[in-house]
Amino acid sequence: MNNTFKRPLFFRIFLHISCLFFCFSASYAQISFDDADLNGADGLLFSAGIQSGSILRKNLYAAVLDARSDAREALRETPRLLTCFPQKLESLQNGKFLQIRNTDGVFIYSVNSGTLTPISTTDSLYPSPAVFARFRSNLIETSISPDGNWICVCRKTDSVFASLVLASTKTGKEIVLIDRLGFSLRNIPVLWSPDSRVLIYEKNNRLYFIEPENAFDPALAEERFRSLGEGSIASIRWADEKKLIYIRDNSIFTIFSHELYTRSLYSAMLGTGKITGRLPLFFNDREDLFWADNSGTRLVIVQGGKNIFYFDLTDKSSAYNAAFFSLQSSPADFSVFWIPSNDEKSAVHTETANTIPLVWTEYFSVEGTRKSAAYVLSNVLPKSDSVSSVRFLARTLPERAANPAMSPDNTKIAFCTEDALYVYNPRSWTAEQVFSDEKIVSFCWKNSSSLYAGGNESVRLWKLAEDTKKILFLSCAGDFMWASDGVSIISKIKAGNFLYSPDTNTWQPSDIEPGRSRQNMNSRWRIISENRVSGTYKNLFFVRSLKGPGKTLPLLADISDPKKAKGAVALAFEAFDNNESTACILDMLRGRGLSATFFINGEFLRRFPDTVQAIAADKHECVSSFYTTVDLLSDDFIIDENFIRRGLARNEDEFYALTQQDLKLLWYPPYGRFSEFIEKAGAAAGYKMIKNPIRPHTSATPDGSSCTDVLSSESIARICADLKAGDVILLPCGGKGSCFSSCICDKIDVLINAVLESGYTLLPVSALVY
């Protein structure tokens with residue numbers, strides 16, 4: 001059963017940087033040991049169900065029992081993982097290799113050799129707090145070049161900051177582009193040219209370029225001579241492999257790839273680029289996004305995550321040919337694809353125009369559930385000088401559609417639902433093919449005619465022309481057991497029986513029937529399952545000796561965290577007068593399996609009853625923040641004990657009437673402003689006050705000014721440096737942030753990871769108080 005994996009040179013880069021992928025903790029994973037099969041040679045197969053946030057996988061392991069008298073655990077060596085869960089799939093080197101990332105490690109599948117190689121692994125079966133810090137339900141983003149020959153990753157330097165690294169997937173060579181980057185787990189500030197020849201990256205609010213092929217040349221120009229200008233990565237887009245579109249304020253510039261060095265060196269004389277148009281609005285590169293078609297003259301702009309504009313800048317008349325619509329929900333993500341027009345008269349009005357934008361947005365419902373919507377530009381009116389001829393029209397999507405990806409040749413668009421993977425014709429908006437053999441976890445395009453489909457039972461290569469779905473390896477344990485020879489391993493899934501191949505670490509279709517049932521004992525050992533009340537393990541396997549002096553050993557020895565736990569802190573959210581971030585917060589907490597505390601103000605409750613019901617339905621702890629947003633220390637009011645008691649009672653009654661649940665007898669005064677008298681008045685009503693929570697942002701003020709400061713990498717580092725057991729970290733439910741800037745939702749993941757990595761556990765506020 002021993003298996004030696006050969007690791008080509010280009011895999012070394014993953015050995016060096018893959019530790020990044022597992023430095024970010026989810027909440028506390030739950031592990032259950034489900035089934036076991038013991039053969040006559042003490043070979044043990046067992047499955048472990050590992051719940052990490054919203055992701056549940058059932059891994060299959062093989063091990064050999066240890067008969068040594070001084071053994072601390074029943075296994076002779078670390079169990080070997082036989083399955084590979086496709087939490088993230090990425091195509092490398094034009095589809096020759098498939099990279100699989102999950103909380104077990106990083107794996108590479110070679111199409112040519114048919115081998116699955118573990119590049120790095122984590123001890124998922126030993127989920128100590130240190131290992132928890134490697135688990136994530138949504139792994140950090142990387143940026144892989146279109147040809148798959150280059151990869152950009154953030155290599156962690158501490159709990160908040162990272163260095164940005166460019167590496168070759170062929171040679172393993174790497175170069176550090178940014179030494180210190182305050183990163184978001186959801187985005188990486190780089191942009192590849194369509195031909196993979198140029199990479200744009202953002203550093204200290206400036207844009208720089210580098211040609212990966214020349215990145216390791218000793219004669220590489222200094223970074224200051226590769227500067228494009230000020231701005232974030234959101235202010236620049238590739239129109240095609242030869243042309244960049246750059247927006248500054250309301251000016252639109254075109255920069256050609258062959259003149260990058262010239263314009264950088266002589267920017268004082270030549271300027272940033274050629275001005276090709278002006279927008280009728282100002283572009284904020286910290287809040288807005290844009291996309292350009294191949295001509296660079298037709299743009300889609302998302303303003304503030306809400307308003308979507310289309311502009312045709314080729315129209316020389318005084319009125320833009322434009323379209324607009326506004327989203328009423330809380331957006332989570334945007335994608336824009338330029339597809340062939342389905343109208344006889346194109347929706348754009350130039351001789352070269354042949355594409356129109358398809359806008360795909362993922363948004364949050366009030367309950368914090370992710371949903372999707374798609375809109376396509378269409379001609380609906382004759383063009384006139386005063387009225388635009390185009391409008392965005394909604395496209396019908398299957399329920400729970402998500403994760404759209406255009407094929408490399410831009411002729412097909414794929415997306416998945418909970419039950420299927422769809423391939424649509426973007427022009428006619430009809431389903432050309434559907435994969436529904438198993439539930440889809442993730443997918444990626446191999447090339448324009450085939451996809452890698454990662455399901456809950458297997459990972460397959462789906463060739464669209466032949467409609468074949470070859471199983472490459474298994475992603476779950478299935479119905480497993482030793483074959484009758486006691487050596488071969490068989491697993492049964494919906495697609496049939498499969499035989500494990502130790503030479504390739506994959507599974508092959510087989511007609512072999514097990515000829516036996518699973519056994520929990522042989523002549524020397526018996527496997528026992530014992531339930532546990534631990535938050536880590538739902539149960540544990542023990543191995544009892546049946547010969548000689550009786551002894552019972554745990555299948556896995558307890559591993560204590562080398563970093564001493566520092567105690568517990570609480571994460572709380574202030575539901576005051578803005579619910580802009582609440583749906584995103586609920587989605588994030590649900591994905592991690594975390595429970596938080598919400599301070600509910602009466603104004604919030606009355607304005608956003610659906611949101612409050614969603615918070616309560618998710619079993620989050622709810623405490624009072626008084627019935628109104630009044631400043632209790634204001635000279636405009638005379639505050640007596642009766643006012644405090646009645647205000648707390650009213651908020652409690654209104655919350656119960658809405659949710660049929662009670663508020664915890666804790667409260668936080670509006671704006672955190674209180675006196676000893678106010679605290680005693682609350683205590684007389686039976687409420688304990690939460691005082692002086694840690695607020696890493698500027699609090700909203702009584703004069704109505706909004707919260708303008710953001711949750712930044714620097715503030716997170718400061719929080720963790722000053723944090724002590726019993727502290728409450730309080731964030732607002734307003735101020736969502738943008739897709740690239742660091743406001744609230746963009747940094748909550750980083751904050752939680754940093755707190756856990758600092759040695760603290762997260763509990764509800766009441767658990768710290770009572």
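Colleague: Contact here means heavy atoms within 4.5 Å. Going by that, which residues does S545 touch, not counting those up to four places away in sequence?

Modeller: S545 touches R524, W525, G550 and K551. Before we go on, this is a predicted model, where local features need pLDDT of at least 70, side-chain atom pairs count only at pLDDT 80 or more, and totals for chains, interfaces and linings use all residues. Residues are numbered from 1 along each chain as its sequence is written, and side-chain values use heavy atoms, leaving out hydrogens and water.

Colleague: Good to know. Where does S545 sit, and is it buried or exposed?

Modeller: S545 belongs to strand β41, residues 539–545. Strands (E, at least two residues) and helices (H or I, at least four) are DSSP runs numbered from the N terminus. S545 counts as buried because its relative accessibility is 14%; buried means under 20% relative accessible area, exposed over 50% and partly exposed in between, with a 1.4 Å probe and protein chains only.

Colleague: What lies 2.9 Å from a polar atom of the S545 side chain?

Modeller: That is the backbone oxygen of K547.

Colleague: Zooming out, how many helices and strands does the protein chain have?

Modeller: There are 12 helices and 49 strands. Of the 770 residues in the protein chain, 57% are buried. Among contacts with a separation of 6 or more, 56% come from residues 24 or more positions apart.

Colleague: Now helix α9. Which of its residues are buried?

Modeller: I678, A681 and G682 are buried in α9, which spans residues 676–684. They sit on the same side of α9 because they cover an arc of only 100 degrees around the axis, the arc being that of the directions from the helix axis to the C-beta atoms. On the other side, E676 and K680 are exposed.

Colleague: And what covers the buried residues of α9?

Modeller: The cover includes α8 (641–659), β46 (664–667) and β47 (688–689). After α9 comes G686, with a positive phi near 95 degrees.

Colleague: Switching to β32: why is it described as largely enclosed by the rest of the structure?

Modeller: Because six of the eight residues of β32 (440–447) are buried. β32 runs antiparallel to β33 (residues 450–455), with six bridges joining them; strands pair if DSSP finds at least two bridges between them. A hairpin links β32 to β33 through two residues, and F443 stands opposite A453 in β33.

Colleague: Nice. How many aromatic pairs are there in the whole structure?

Modeller: The search finds 28. One of them is Y109 with F473, a tilted pair at 5.8 Å centre to centre and 45 degrees between the planes. Y109 lies in β7 (residues 105–110) and F473 in β35 (residues 468–474), so the pair ties together parts that are 364 residues apart in sequence. As for the cut-offs, rings of Phe, Tyr and Trp (its six-membered ring) pair if their centres lie within 6.5 Å, and planes under 30 degrees apart count as stacked, over 60 as edge-to-face and the rest as tilted.

Colleague: Are Y109 and F473 buried or exposed?

Modeller: Y109 is buried, with a relative accessible area of 5%, and F473 is buried at 1% relative accessibility. F415 and Y424 also make a tilted pair, with ring centres 4.9 Å apart and planes at 55 degrees.

Colleague: Which aromatic cluster includes F415 and Y424?

Modeller: W360, F415, Y422, Y424 and W429 form one cluster. F415 is buried with a relative accessible area of 0%, and Y424 is buried with 9%.

Note on methods. A polar contact is a pair of N or O atoms within 3.5 Å; within protein, one must be able to donate a hydrogen and the other to accept it, and residues adjacent in sequence count only if both atoms are side-chain atoms.
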